[in-house]
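Subject: Structure handover

Hello,

Here is the structure I promised to pass on. Please have it open while you read; my notes follow below.

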Amino acid sequence: DFLCISLVNGFTQLRYNLGDRTIILQTLQKVHANGNTWHSLNAGRVGNEGYLNLDGINVTQKASSGMNALDTHTDFFVGGVSSLNLVNPMAIENEPTGFTGCIREIVINNRELNLTVTDPKGGANIGDCDGTNCGYAVCKNNGTCQVENSGFSCSCPREWTGTTCEQSIYCSQNTCGSHALCIPQPSSFSYTCACTLGWAGKYCNNKIKFYIAKFVGNSYIKYTDPFYGKRDLQYSRLSLNFTTNQTEGLIAWMGKSEHEDNDFLAIGLANGTLKVVINLGERISVPLMHSKYFTCSDGRWHFITVVQNQTCIKVYLDEELILFEDIDPQRKYTALNYGGICYFGGFEIGRKVNIVTTGLFQKEFFGKIKDVVLFQDSKKIQLMKAEGYNIHDGNSGN
């Protein structure tokens, strides 16, 4: 199997083979080979139906029945390969040669690759593309870059400032402490301070300790499981105590949440009802709703345990078994590959819960969480040792 984008006689070609035949798409127009015109290219496939779009002009290949999965286990190459005899002869029209030119802003499955010296796995004979200090995306937030004798300068939109337009004008005079992040509030022409874990107060100058974590809506904790490499991922378990008076909110998310293919186990509230969602692979997320009682938003402490035994899911609320379901009797995927990451209350600042969870949960958690235990560990996890922002001490009344 392969998927290859190449230049052929001035035209752009997409070729792919999913195991039964090679499909070829070619753009209708040639590219400019003058060395100073940028082209925008979108290419890919949905099942075995391919598409190729050069500067907004689209070519598609209607699918006929056949293979529809791309099974490749090689590295991803850009501009050339380590040895040209590795290239499948069906992947290109003529003899394979490396690309000469500039490539920038590569996005694969909605994730942008960092085309830096250190991020790729390897490479050879690569230089800075335009030869100037402006390069690609030097100026942030839609700033415009100008090359100057001393380097470059950025012309910034109205609400941004700094040498690379990286700072909001509302944060330029902020008095947040060193343990804080300034969050601009354009609607009120001001800012708020987001405090790192273990700090609180308006300017994040008060050191705190907590055993009960209080979440105030723009809060989150990201915990990295030090024992992830030793876990048996076919038998996962998460338990915790929570209290809230809100009817919506994400309580916990076991999973990397980097893109929608990642496995996850999620616990939250929807319409005051406990909602558990599991995804063991292929984005097949199965929401399990408990609607017998509407008692989870009553301001009392509730104890929840979710147990995953391959594809069998058990959910206990206040030590009563409330859900028991086999989400895939075929046993196609049986392990929760959560990447050793657990989020509580929400995600990183700027990542909205309803967007990251694709609508499974509507908002961040307001309330308190304590006594979090992973798998069958004898000790509770120490939330203070994780990373996060805007967590208050749930023991006190603040």
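Tyrosine 338 is buried, with a relative accessible area of 0%. Tyrosine 228 is partly exposed, at 26%. (Buried means under 20% relative accessible area, exposed over 50%, partly exposed in between; the probe is 1.4 Å and only protein chains count.)

This is a predicted model: local features need pLDDT of at least 70, side-chain atom pairs count only at pLDDT 80 or more, and totals for chains, interfaces and linings use all residues. Residues are numbered from 1 along each chain as its sequence is written, and side-chain values use heavy atoms, with hydrogens and water left out.

Aromatic pairs

The structure holds eight aromatic pairs. Tyrosine 228 and tyrosine 338 have ring centres 4.9 Å apart and planes at 85 degrees, so they pair edge-to-face. (Rings of Phe, Tyr and Trp, the last by its six-membered ring, pair if their centres lie within 6.5 Å; planes under 30 degrees apart are stacked, over 60 edge-to-face, the rest tilted.) Tyrosine 228 is in the loop between strand S17 (213-224) and strand S18 (235-243), and tyrosine 338 in the loop between strand S25 (320-326) and strand S26 (341-344), so the pair ties together parts 110 residues apart in sequence. (Strands are DSSP runs of E, at least two residues; helices are runs of H or I, at least four; both are numbered from the N terminus.) Ring pairs also link Trp253, Phe264, Tyr343 and Phe347 into a cluster.

Charges over rings

The charged end of arginine 104 sits over the ring of tryptophan 38, 3.8 Å from its centre. Lysine 314 has its charged end over the ring of phenylalanine 324, 5.2 Å from the centre. (The cut-offs: NZ of Lys or CZ of Arg within 6 Å of the ring centre and within 35 degrees of the ring normal.)

Strands

S1, S2 and S3 form an open, antiparallel sheet in the order S1-S2-S3. Strand S1 (2-8) and strand S3 (22-26) are at the edges with a single partner strand each, so one side of each has no neighbour in the sheet. S1 and strand S2 (residues 11-17) pair over seven bridges. (Two strands pair if DSSP finds at least two bridges between them.) Isoleucine 5 has leucine 14 in S2 as its bridge partner.

Strand S13 (residues 180-185) and strand S14 (residues 190-195) pair in the antiparallel sense over six bridges. Cysteine 182 has cysteine 193 in S14 as its bridge partner. S13 and S14 form a hairpin with four residues between them, and phenylalanine 189 in the turn has a positive phi of about 55 degrees.

Best wishes
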